[in-house]
Number of protein chains: 2
Amino acid sequence: MKEIEGLTREEERAAAVFRAMGNPARVRIVRELSLRRACATSDFVALLPLAQSTVSQHLKVLKDAGIIQGIIEGGDQCYCLEPETVRWLSLFTHGICCPDETDCGPDSCSGPEC
Amino acid sequence: MKEIEGLTREEERAAAVFRAMGNPARVRIVRELSLRRACATSDFVALLPLAQSTVSQHLKVLKDAGIIQGIIEGGDQCYCLEPETVRWLSLFTHGICCPDETDCGPDSCSGPEC
DNA sequence: TCCATGCATCGTCTTTTTACGATTGCCCTC
DNA sequence: GAGGGCAATCGTAAAAAGACGATGCATGGA
């Protein structure tokens, strides 16, 4: 992929995070973590119709993008969301929707006109 | 990419939209549209260090994902954001951030705990 | 200590994406 | 009707992503 000069740091980060989220298995993983707070790799292997190595690779992509993080819970390695990134993503996306409005919630914003 | 069964329609859509947004040039395009409301292909060709055919292809990816749409403005073909999709994306993303809270704005939500 | 278990990483193959030039198609204006 | 400008599409080459099995590496019982 060609590098785009003049891209803001925010936009670069956005592209990286969006790319990491741009796979059904990874969306599923993130969603699961959003609901269950923390899961081990084995949970995702059970959840997804993919080989263990593939799941592990997907987790790595999400981790490298800063979307999830590995933690130790009760002595076991498991994953959870990286709150800062998730929150940042939410704000960035909202910023596309409502570039001007500063005081509109997810339910009140009108979206971009055309 | 392998199909994941048991994926909700929402998650499939999310993966497709995220994937379409997962490229620096396309983030730049969407951002520009968010600020300028409507642009012709030539505007993007001027904006990005890419060949015309490549820019056109990027626009097609965004269009296929339902993120932008082609319109006629003053007799000229140009593009603008698809408000419904942008809004939906904002909500979906916010839903990852705050799966339970229904009444939190982008500035008030606390993000997922870990 | 030895084995099982759970994950990460490596090597490899296949598929998809990205980028470009060339071509085509469509209007506008002569 | 001829020529020019703009944008989509085609063909293709290079790069990246996705998937899997095999392998490596801790750790925690027997």
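The legends below describe close-up views of a predicted model.

Residues are numbered from 1 along each chain as its sequence is written, and chains are lettered from A and ligands numbered from 1 in written order. Because the model is predicted, local features need pLDDT of at least 70 and side-chain atom pairs count only at pLDDT 80 or more, while totals for chains, interfaces and linings use all residues.

View 1. Chain A holds five helices and two strands. Their order from the N terminus is α-α-α-α-β-β-α. Helices (H or I, at least four residues) and strands (E, at least two) are DSSP runs, numbered from the N terminus. Along the principal axes, the C-alpha atoms of chain A fill a box of roughly 45 × 35 × 25 Å. Of its 114 residues, 37% count as buried. Buried means 20 or more other C-beta atoms within 10 Å of the residue's own; exposed means 12 or fewer; partly exposed lies in between; C-beta atoms are placed from the backbone. Among contacts in chain A with a separation of 6 or more, 45% join residues 24 or more positions apart. A contact requires C-beta atoms, placed from the backbone, within 7 Å. Mean pLDDT (the predictor's confidence in each residue, from 0 to 100) is 90 for chain A, and 91% of its residues reach 70 or more. Confidence in chain A is lowest in strand β1 (residues 68–73), at a mean of 88, and highest in α4(A), at 98.

**View 2. The two protein copies.** The same surface serves both copies: 100% of the contact residues of chain B recur in chain A.

**View 3. The side of chain B that touches chain A.** The contact takes 45 residues from chain B and 45 residues from chain A. On the chain B side, the elements giving two or more residues are α1 (9–21), α2 (24–36), β2 (76–81) and α5 (83–97). α5(B) gives the most, with 10 residues. By class, this side has 28 nonpolar, eight polar and nine charged residues. Ala, Val, Leu, Ile, Met, Phe, Trp, Tyr, Cys and Pro count as nonpolar, Asp, Glu, Lys and Arg as charged, and the others, Gly among them, as polar.

**View 4. The surface near DNA strand C.** Of the 23 residues around DNA strand C, K2(A), T41(A), S42(A), S53(A) and S53(B) come nearest. Near means a C-beta atom, placed from the backbone, within 6 Å of the strand. The elements giving two or more residues are α3 (41–47) and α4 (52–64) of chain A, together with α4 (52–64) of chain B. The largest share, six residues, comes from α4(A). By class, the surface has eight nonpolar, 13 polar and two charged residues.

**View 5. Helix α1 of chain A.** The buried residues of α1(A) are A14(A), A15(A), V17(A), F18(A), R19(A), A20(A) and M21(A). They pack against α2 (24–36), α4 and α5 (83–97) of chain A, together with α1 and α2 of chain B.

**View 6. P99(A), after α5.** P99(A) lies in the segment after α5 of chain A. P99(A) is partly exposed, with 14 other C-beta atoms within 10 Å. Leaving aside neighbours within four places in sequence, P99(A) is in contact with S34(B) and L35(B).

Note on methods:
Contact = placed C-beta atoms within 7 Å.
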